[in-house]
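Please keep the sequence and the 3D view at hand.

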Amino acid sequence: MSFQAPLATSRSVTGLPTGRLAIWWVVVSEIVIFGGLIACYVMFRLRHPEWGEYASHTSTPAGALNTFVLLTSSLSIVLAHQAAAAGNLVKSFRYIWCTIGGGGIFLLVKSYEWTTEISHGYTLFANNFWSFYYTATGLHGLHVIAGMVIMAIISIGVRKGEHLPRVEYIGIYWHFVDIVWLFLFPLFYIAK
Amino acid sequence: MAEAVTTAETTEGAHSHHGEPDFWSKYIFSTDHKMIAMQYMFTGMIMALIGGYMAYVFRMQLAFPGESVPGYGTVTPLAYNSLITNHGAIMIFWVAMPILIAALGNFLIPLMIGCDDMVFPRVNRLSYQIFLLSAIILIASFFVPGGGFGGAWTAYPPLSAQSQYNLTPFGAPMWLLAVALEFVAFLLGGINFITTTMNARAKGMKMYDIPIVVWMIVIASILFMASVGPLIAGAVMLLFDQVLGTTFYNPDAGGDPVLWQHLFWFFGHPEVYVVLLPAMGVVAEVITVFARKKLFAYKTILYTTFATGILSFFVWAHHQFIAGIDPRMAHIFTVTTVLISIPIAEMLFCYIATLYGGSIRLTTAMLFALSFLAEFLIGGVTGIYLGASGTDIYFHDTYFVLAHFHYTFFPIAIIGFFTAIYYWFPKMFGRMMNETWGKIHFWGTIICFNGIFLPLFVLGMGGQHRRIYNFNNFPDLATPEMQDLRIFATWSAVAMLVFQIPFLINFTVSLFKGKKAGKNPWNANTLEWVAPSPPPHGNFAEMPVVYRAPYEYSVPGREKDYWPQNMPD
């Protein structure tokens, strides 16, 4: 089935690319999803001081390492965008794959953490703290995976020099995923 | 008439097709916004028939408890719960949303802003496919062991969370999954509506040249997007509670069942305005065309819409006055709830002022639009009793709430839809609907609608609770007087369903045999009437350019009483 882009896609009344507008609206809808989940957790946490005890069983060094990895991967996607804008496709392609690699390291560390915690008996069902922990970090992890898959698809286009603005759009999404982690890390790892 | 205006933009080339598209790519996998609108509309209409059938079954059970219902059989308590739950869910999520937001948004936005399609046509197609999947999952859930979900459309835990209470171990998670998928579909659609309106308007169309109905659908999409997130998170938590056995909402294990109520109504109340606003927009278009008069206070209507949208995020806890919330918080929510009636009332006054001094033409569309104002007004006024925490303590969970709610949602979803369909049918299908049959349908529907729900106000004030299978089990509520009112409401409901037959016949016959409609049968100003009826793929032969605001009717000194937006002089 061939697809012909309608005229609508070529218009830009606001002067901003439509893709950029759309990705910001995606981020808005994601903010309220994570915002709702985090707000629920915070409301519970305020009523249950004993959850600080449970939080001490999450690994702060592992979380800190993941924070570092994720922030670095945000830098590399910016560099990929910059390289794409400058027309350096090979460099952009490499930086995108650096970012995907960062996501991969994040997930590896995450799975190490989960394995350790589960083997200590802190499963999804241990209590509501752990339910929130797995739900929130799991949902975030799904966003990381989704971002990695989309980046891999975009990198194919970058190699051919097609759809270069998409590097910027996935970058905006990736920053959002990063920022969500910056909320999850203190709430589930640092606050004891 | 100088309709065609020279412009650099043409649809030539962008739509050069290699021959006629086959059935599948034309009707099933189309990316054309009009075809997606039709898919949404027909799916919504089929779901409305299913939801209406459910209402018929449980109304019959209430009027004649225990007797076999013709066309269904004996209603068991479990089936009763499932019927009322899915009636509510279907009518809101699978009728009001797809018809008012998705069908009208898809059909009208590109046409009314002078564009050939949405800016993300394939995302649009995906949106409908996810929606269709959600509808299929919902309908499939009626046929699994235990039947469809029976925990009421609000799905309060622990009833909804634990299958030993709701007795629908498979129906409950399927219902939740269907609702969540439906949300995803409308998030995708909403992003499309917002970005299309922001970026793809015709040359010359400034912010205040956008027709009110487009504004309203876009604002409704933003409200939906900003309110549904916490409920998506909450639905994931509820699904985990149902399927995996977590205890987010289980008070025995330190969970909080009221949390769900907050998440649900934080979405649920803005949702009322999500569906109200498109209906208000439709009514604005119709009354201004058939009053042949400029819409009164365009900007005021727009600003009151913004005010309604913002306030709608601060009223949700009026659903929870007896859920154990702090009385001081109840006071605050009483104030915000009563406040929100101000912008809505102002909007209604603007509409009435539009009618004042107009040369009114009582077409079927206009009749439905006027009845919307009258019926919604009753819904709004009775809402004040429920928004005030003092009276709500008595009225909570009675049929008074139910009647109030239907006096808002019936005008929105059903009357709003009929207003739109009688008005835009010529544009959608290129033929006129029959006005006589339309008027029979109108009077039958409106009279029977009041016949159903006015008695329910009385029953509610008499203390009749909602969601009760058989009132004979409650001697105080089983009096002959109350039973007579129930029977009257039930026969009204049956009659109203019967009066939809003229509509369905009129609709079907007009599709094929109706009088051919020209481009602009109502002599309206907005851009969709510039396109041929029905609009071809690409909508306009040449893209229109906008020169003025959309409601310049009966302008003094002009020969014609309308002045299309795309006409240079």
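Leaving aside its neighbours within four places in sequence, with which residues is Ala413(B) in contact? In this predicted model, the contacts of Ala413(B) beyond those neighbours are Met91(B), Val95(B), Ala96(B), Leu100(B) and Val275(B).

The largest nonpolar core holds 230 residues, and among them Ala96(B) and Ala413(B) touch the most other members. Helix α3 of chain B, spanning residues 77–112, supplies the largest share of this core, namely 24 residues. In soluble globular proteins, nonpolar side chains tend to be buried together.

The view may now widen to the chain as a whole. Chain B contains 16 helices and zero strands. Of its 569 residues, 55% are buried. Among the contacts in chain B with a separation of 6 or more, 82% join residues 24 or more positions apart. The C-alpha trace of chain B spans about 70 × 50 × 50 Å along its principal axes. The radius of gyration of chain B is 24 Å, which agrees with the value near 25 Å that a compact globule of 569 residues would have.

Finally, chain B meets chain A. The contact draws 44 residues from chain B and 30 residues from chain A. On the side of chain B that touches chain A, the elements giving two or more residues are α4 (121–140), α6 (171–199), α7 (212–244) and α8 (257–290) of chain B. The most comes from α7(B), with eleven residues.

Note on methods
Residues numbered from 1 in each chain as written. Chains lettered and ligands numbered in written order. Predicted model: local features only at pLDDT ≥ 70, side-chain atom pairs only at ≥ 80, totals over all residues. Contact = placed C-beta atoms within 7 Å. Helix = DSSP H or I, 4+ residues; strand = E, 2+ residues; numbered from the N terminus. Core = buried A, V, L, I, M, F, W, Y, C linked by C-beta atoms within 7 Å. Buried ≥ 20, exposed ≤ 12 C-beta atoms within 10 Å, placed from the backbone. Rg over C-alpha atoms; globule rule 2.2 N^0.38 Å.
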